[in-house]
Amino acid sequence: MTSLVVIDEGSAQAKATYRAENGAIVTHVVPSRVAEQAKVDINGYSGSAYFTEEGGEYTVNGDFDDIIRTNIPSYQTSEANRALVHETLRQSGFAGRPVRVAVTLPMNQFFSKVQGAPINQKLIANKKRNVLGGIKSAAGHQLAEIIDCKVYPEGIPALFDTIRNDDGSLKPGFEEGMKILVVDIGGTTTDVSVVTPDGTIESYDSFSTGVLTVVERFSELAAPEFGLKRIPRALAEEAVKTGRLKNMNVSELIQRASRNVMQTILRELEAMVSTPSLLDKILMVGGGAALMGRDLAEAMGVEVLIPEQPDMAISRGIYKLEMLKARS
Ligand SMILES: Nc1ncnc2c1ncn2[C@@H]1O[C@H](COP(=O)(O)OP(=O)(O)OP(=O)(O)O)[C@@H](O)[C@H]1O
Ligand SMILES: [Mg+2]
């Protein structure tokens with residue numbers, strides 16, 4: 001049987017949602033760290049190394065110094081992205097199995113501001129073609145057989161995840177006419193949109209800041225304190241996530257590192273919504289919501305909704321949408 005696997009492959013991490021063998025809906029995360037080389041270990045090619053049909057070599061999921069940039073538009077339709085999708089499927093247990101996948105594009109790439117063509121169909125078709133493209137495991141592992149690929153925008157599905165039940169009905173406290181501000185603070189991009197519960201977009205904007213900006217600043221601040229020249233990105237990301245580095249509490253440093261990013265986000269929100277109190281609800285998602293959501297809400301003087309595991313909200317929301325579509 002063909003399974004559905006949703007993979008919200010952001011610039012910092014790929015978030016998968018699927019049904020496990022025991023029937024439960026589960027999530028799995030793979031960091032978006034891809035090196036442009038098939039790495040070798042003691043057994044030969046690394047288990048997460050790939051050869052693409054175009055002749056490219058990639059290795060996913062290590063603590064590499066030579067990782068490619070994932071926050072540029074060309075990444076979205078790159079062989080590196082295809083390798084990350086396959087590695088996420090392999091780690092999620094879909095090797096050798098047929099799957100339908102749903103992947104994502106940042107809002108400002110999925111939508112187009114060109115009149116008469118609100119959705120960027122060409123880019124969506126390219127992304128789909130890229131995910132379906134040829135790839136082999138360098139180590140000879142079996143890979144998932146991707147038989148179809150859908151593309152969703154980031155942002156909006158998180159709203160669906162938060163405010164609707166599995167049957168599509170609204171959860172208590174939400175009404176169809178509401179205007180909801182959705183703030184998705186990702187690794188490198190913060191997407192802000194004003195949306196109604198049926199998904200109609202009133203306005204949206206994206207700007208370049210996020211948790212990885214905090215991670216970089218944290219590395220600069222923490223390296224001298226730990227007597228290091230630099231802190232490897234994976235270690236710094238883990239520290240920002242857990243509040244600990246080498247078993248020491250580094251929350252004060254993280255707070256200092258977050259300050260500028262929080263200011264940027266506050267300024268942008270202010271520019272976009274002059275009167276936050278006119279909005280019915282504010283939803284904050286993305287890894288940045290876990291890191292800074294409460295402090296941002298306090299600074300704005302408003303109440304915000306932050307779902308559990310806010311970095312998984314888009315992936316979960318798309319899964320719910322797809323299940324609902326399959327039922328109707
Ligand atoms: N509880 C947490 N505390 C701090 N940081 C977290 C937490 N959970 C996740 N993160 C971090 O937040 C970052 C952003 O995660 P997210 O999945 O939202 O980004 P992304 O979707 O990959 O990026 P983008 O949307 O910009 O492409 C990641 O680096 C992740 O490690
Ligand atoms: Mg994201």
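Predicted model: local features only at pLDDT ≥ 70, side-chain atom pairs only at ≥ 80, totals over all residues.
Two packed helices are described by the angle between their axes and the distance between the axes. Helix α5, residues 211–225, packs on helix α7, residues 251–272, at an angle of about 140 degrees, and the two axes lie 8 Å apart. Angles under 35 degrees count as roughly parallel, over 145 as roughly antiparallel and 65 to 115 as roughly perpendicular, with the rest oblique; α5 and α7 are therefore oblique to each other. Their crossing is right-handed. On the α5 side the contact consists of T213, V214, R217, F218, L221, A222 and E225, which meet L253, I254, R256, A257, S258 and V261 of α7. By class, the residues of this contact comprise eight nonpolar, two polar and three charged.

Helix α7 also packs against helix α8, residues 287–300. Here the angle is about 55 degrees and the axes are 10 Å apart, which makes α7 oblique to α8. The crossing of α7 and α8 is right-handed. From α7, the residues I254, Q255, S258, V261, M262, I265, L266 and L269 take part, and from α8 the residues L291, M292, D295, L296, A299 and M300. The contact of α7 with α8 is made up of eleven nonpolar, two polar and one charged residue.

Ligand 1 has 21 residues around it, of which S11, A12, K15, G187 and G287 come nearest. For G187, a backbone N or O atom is found 2.7 Å from an oxygen atom of ligand 1. A polar backbone atom of T188 is 3.0 Å from an oxygen atom of the ligand. In the case of E237, the polar atom belongs to the side chain and lies 3.2 Å from an oxygen atom of ligand 1.

Technical notes
Residues numbered from 1 in each chain as written. Chains lettered and ligands numbered in written order. Heavy atoms only, no water. Axes fitted to C-alpha atoms, helices over the stretch in contact; angles between N-to-C directions. Helix = DSSP H or I, 4+ residues; strand = E, 2+ residues; numbered from the N terminus. Left-handed = near helix turned anticlockwise from the far one by under 90°. Contact = heavy atoms within 4.5 Å. Nonpolar A, V, L, I, M, F, W, Y, C, P; charged D, E, K, R; others polar. Near = heavy atom within 4 Å. Polar contact = N/O pair within 3.5 Å; in protein donor to acceptor, adjacent residues only side chain to side chain.
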